[in-house]
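Let's take a walk through a protein together, going from the whole chain down to a few of its residues. Have a look at the sequence and the 3D view before reading on.

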Amino acid sequence: MVSESVPAPSRRPGEAALASLGYALPADDPADASPHAFPDGGTWRTEIPSVEGPEALATVLKEATRLDVPVHRISQGSGVWMLTDGEIADMVGACADAGAELCLFTGPRGTWDIGASTRSASGGAGLRARGQGALAGCVEDALRAAELGVRCLLVADEGVLWLLHRLRERGTLPADTTFKVSALVGPVNPASVSVHERLGADSVNIPSDLTLEHLTEIRRVSGVPLDFYLEAPDDLGGYVRMYDIAELIRRGAPIYLKFGLSKAPGIYPYGGHLRELTLQTARERVRRGRLALDLLARLGADRGMSPPGARLPGPLRRFSDGG
């Protein structure tokens with residue numbers, strides 16, 4: 001008779017060794033734990049960001065298979081406008097075959113247009129869409145991507161988010177389209193996260209410098225899925241939160257664990273001149289994912305992952321469309 005294996009209890013890094021030396025960690029407060037989960041019951045999913053075209057996508061999927069890294073979402077940062085129809089169709093097909101969600105960035109952003117304020121000491125309006133023309137570009141990108149089969153769109157502007165949500169509500173965009181708020185404008189307090197949820201966000205990328213207590217505060221008012229860079233790119237601070245991974249899940253669920261890469265040059269907007277760098281960093285992002293999952297397993301905290309292919313966020317709170 002073969003007995004079923006019992007999962008090891010979860011633990012915190014170095015817990016027993018520290019306690020033996022008189023540096024015992026305080027017990028977890030159950031009130032800090034998030035009461036929320038994905039509709040499938042899972043508490044965490046995975047994401048590989050900065051996958052800038054079909055070749056980079058193929059590299060990620062091959063490496064994910066080799067290293068046995070489950071991938072729920074694959075996101076791109078340069079924008080829909082940087083891809084041909086054929087390239088988008090190839091990426092949609094490859095992600096469908098792999099059971100991963102494809103997320104493409106919408107439209108113009110402040111750092112790429114002619115506005116000078118983003119280059120000022122204050123940063124001006126940041127990544128937001130400047131003027132009616134930029135709004136129109138984002139909407140055009142969303143409509144084109146949706147027509148080609150993309151069902152997840154990245155946004156970096158509250159107005160764009162609200163317009164796209166209204167188009168989804170009215171059936172102009174497919175009802176199963178999801179909107180992800182970019183790390184480039186990530187909200188940093190419970191009220192602002194809640195506002196983004198109500199504007200139509202289906203996941204919100206919060207900055208990686210938020211504390212564990214900040215996550216608990218957010219979870220007291222909002223159940224919208226959070227996106228969190230375990231390792232942030234240098235232009236987002238370069239923070240590495242690997243050893244917080246189990247606690248990020250406990251406090252921040254439902255959460256997407258994003259396997260970013262610090263100490264790597266930026267690749268937006270992507271072109272062939274950045275090919276080798278893009279493929280090398282794509283492989284390394286997957287490897288970082290393997291390291292994170294191995295750590296979760298060593299801590300006995302790797303249970304609760306959403307099933308492969310899961311993508312929808314479940315019911316969320318919205319502002320009414322008064323237009």
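This is a predicted model: local features need pLDDT of at least 70, side-chain atom pairs count only at pLDDT 80 or more; totals for chains, interfaces and linings use all residues.

The secondary structure of the chain is made up of nine helices and eight strands. How is the chain packed overall? A compact globule of 323 residues would have a radius of gyration near 20 Å, and the chain has 20 Å, so the two agree. If you follow the C-alpha trace along its principal axes, it spans about 65 × 45 × 40 Å.

Of the 323 residues, 49% count as buried. The chain exposes about 14600 Å², and carbon and sulfur atoms supply 57% of that area. Charged side chains come to 35 positive and 40 negative, with the centres of the two sets lying 2 Å apart. Contacts also tell us how the chain folds back on itself: among those between residues at least 6 apart in sequence, 75% join residues at least 24 apart.

Let's step into the largest nonpolar core, which has 74 residues. The members that touch the most others are Val69, Ile74, Leu104, Leu164, Ile206, Ile255 and Leu257. Helix H9, residues 275-298, gives the most to this core, with seven residues. What does Leu257 contact, beyond its neighbours within four places in sequence? Its partners include Trp44, Phe228, Ile245, Ile249 and Leu296.

Two of those partners, Ile245 and Ile249, lead us to helix H8, where both are buried. Six of the eight residues of H8 (residues 245-252) are buried, so this helix is largely enclosed by the rest of the structure. What covers them? The cover includes strand E1, helix H7 (212-219), strand E7 (226-229), strand E8 (255-258) and H9.

Our last stop is Ser50, in the loop between strand E1 (44-48) and helix H2 (54-67). Is Ser50 buried or exposed? With a relative accessible area of 7%, Ser50 is buried, because that value falls under the 20% cut-off. Leaving out residues up to four places away in sequence, Ser50 touches Ser75, Ile267, Tyr268 and Arg285. Arg298, in contrast, lies 28 Å from Ser50, C-alpha to C-alpha, and 248 residues away in sequence.

Note on methods: Residues are numbered from 1 along each chain as its sequence is written. Side-chain values use heavy atoms; hydrogens and water are left out. Helices (H or I, at least four residues) and strands (E, at least two) are DSSP runs, numbered from the N terminus. The radius of gyration is taken over C-alpha atoms; the globule rule is 2.2 Å times the number of residues to the power 0.38. Buried means under 20% relative accessible area, exposed over 50%, partly exposed in between (1.4 Å probe, protein chains only). Contact means heavy atoms within 4.5 Å. Accessible areas come from the Shrake-Rupley method with a 1.4 Å probe; for residues, only the protein chains shown count as cover. Lys and Arg count as positive and Asp and Glu as negative; His and the chain ends are not counted. The place of a charge is taken as NZ of Lys, CZ of Arg, CG of Asp or CD of Glu. A nonpolar core is a set of buried Ala, Val, Leu, Ile, Met, Phe, Trp, Tyr and Cys residues joined through side-chain atoms within 4.5 Å.
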